[in-house]
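Welcome! Here is a short briefing to read alongside the sequence and the 3D view.

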Amino acid sequence: MPAEDEPTLDPAPPESPRELRFAYVPGVTPGKWIRRWEERMPDVPLHSFMSDGGTQLSVLRDGSADLSFVRLPVEREGLNVIPLYEELPVVVAPKGHEITVFEDVALEDLAEENFLDADELGGPEMALQVVASGAGLLILPMSVARHFNTKDTVARRLTGAPATEIALAWPSDATDEVIEEFIGIVRGRTAQSSRQPSARQEKPKKAPKPDLRGSGTGAGARKPKVAQRYAPNPDKGRGKGSRKKGKR
């Protein structure tokens, strides 16, 4: 028994189960990646939330998210960044504007228009409200314009404007197998890809097949001899009339 003055040690608290958290900017639709994750990694909960352009990196710095879908350009110091795809630009105008009669609009044809800055107006959602009032036009990624879908505005594809790009970012010192699994899913790797951590896990070995040679069964066993149905013909192979006739 321990001495009365000997302190008792509390048991260490159990480790919380691993989970994965990611953020994404407006316009990104992560549903397909979430579904694939739930199919392949059902034991690791996946949590997602939307972040605006101003917090797309801060959620990584403060630990709110393990990964973040960001809109480039971003400051890459201390981060791993994988570009994923480009977004088509659109110009958004109030209803009744002359661009509504076109399907595509060239940027050079809008040189005399007043363009608004979404960041200065508090983000794309607020900027679209200003566009609806007739104060000016706004250039946005098509996915963002569709996401907010503000009443009394129209959007047309814009040619001659630089495209924006979506990328996946995470802290360079925080990579582990769970994060690698998510990256592989986003990049389109199959569940059987050798680059997926889940596919590299050691699988139980199958028991060797028993050796059936000599046991009378199995592919390697010799077939038993088939008994002859008729007695051999003693005259087979002799010339005609070779049998001697016996005396009667």
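Are glutamate 87 and arginine 71 buried or exposed? Glutamate 87 is buried, and arginine 71 is buried as well; buried means under 20% relative accessible area, exposed means over 50%, and partly exposed lies in between (1.4 Å probe, protein chains only). Please keep in mind that this is a predicted model, in which local features need pLDDT of at least 70, side-chain atom pairs count only at pLDDT 80 or more, and totals for chains, interfaces and linings use all residues. Residues are numbered from 1 along each chain as its sequence is written, and side-chain values use heavy atoms, with hydrogens and water left out.

**The sheet**

- Five strands form an open sheet with mixed pairing, in the order 2-1-3-9-4; strands (E, at least two residues) and helices (H or I, at least four) are DSSP runs numbered from the N terminus, and two strands pair if DSSP finds at least two bridges between them.
- Strand 2 (46–50) and strand 4 (79–87) are the edge strands, each with a single partner, so one side of each has no neighbour in the sheet.
- From one strand to the next, the twist averages 20°.
- Strand 4 pairs with strand 9 in the antiparallel sense over eight bridges, and isoleucine 82 stands opposite leucine 168 in strand 9.
- Helix 1 lies across strand 1, strand 2 and strand 3, and runs at about 170° to strand 2; axes are lines fitted to C-alpha atoms, for helices over the stretch in contact, and angles run from 0 to 180 degrees between N-to-C directions.

**The nonpolar core**

- The largest nonpolar core has 22 residues, of which Leu20, Trp37, Leu67, Phe69, Leu168 and Phe182 touch the most other members; such a core is a set of buried Ala, Val, Leu, Ile, Met, Phe, Trp, Tyr and Cys residues joined through side-chain atoms within 4.5 Å.
- At least two residues of this core come from each of strand 1 (20–24), helix 1 (31–40), strand 3 (67–71), strand 9 (164–171) and helix 5 (177–186).
- Helix 5 gives the largest share, six residues.
- Apart from neighbours within four places in sequence, phenylalanine 182 is in contact (heavy atoms within 4.5 Å) with Leu20, Phe22, Trp37, Leu46, Leu67, Phe69 and Leu168.

**Glutamate 86**

- Glutamate 86 is found in strand 4 and is exposed, with a relative accessible area of 60%.
- Not counting residues up to four places away in sequence, glutamate 86 touches Ala163, Thr164 and Glu165.
- Although 80 residues separate glutamate 86 from isoleucine 166 in sequence, their C-alpha atoms are 6.3 Å apart in space.

**Salt bridges**

- Side chains of opposite charge can pair when their charged atoms come close.
- There are four salt bridges in the structure, each with a side-chain nitrogen of Lys or Arg within 4 Å of a carboxyl oxygen of Asp or Glu.
- One of them joins aspartate 66 and arginine 21 (3.4 Å, N to O), linking the loop between helix 2 (58–61) and strand 3 to strand 1 across 45 residues.
- Aspartate 66 is buried at 15% relative accessible area, while arginine 21 is partly exposed at 26%.
- Another joins glutamate 87 and arginine 71, with the closest N and O atoms 2.8 Å apart; glutamate 87 is in strand 4 and arginine 71 in strand 3, 16 residues apart.
- Arginine 157 and aspartate 104 also meet in a salt bridge (2.7 Å, N to O).
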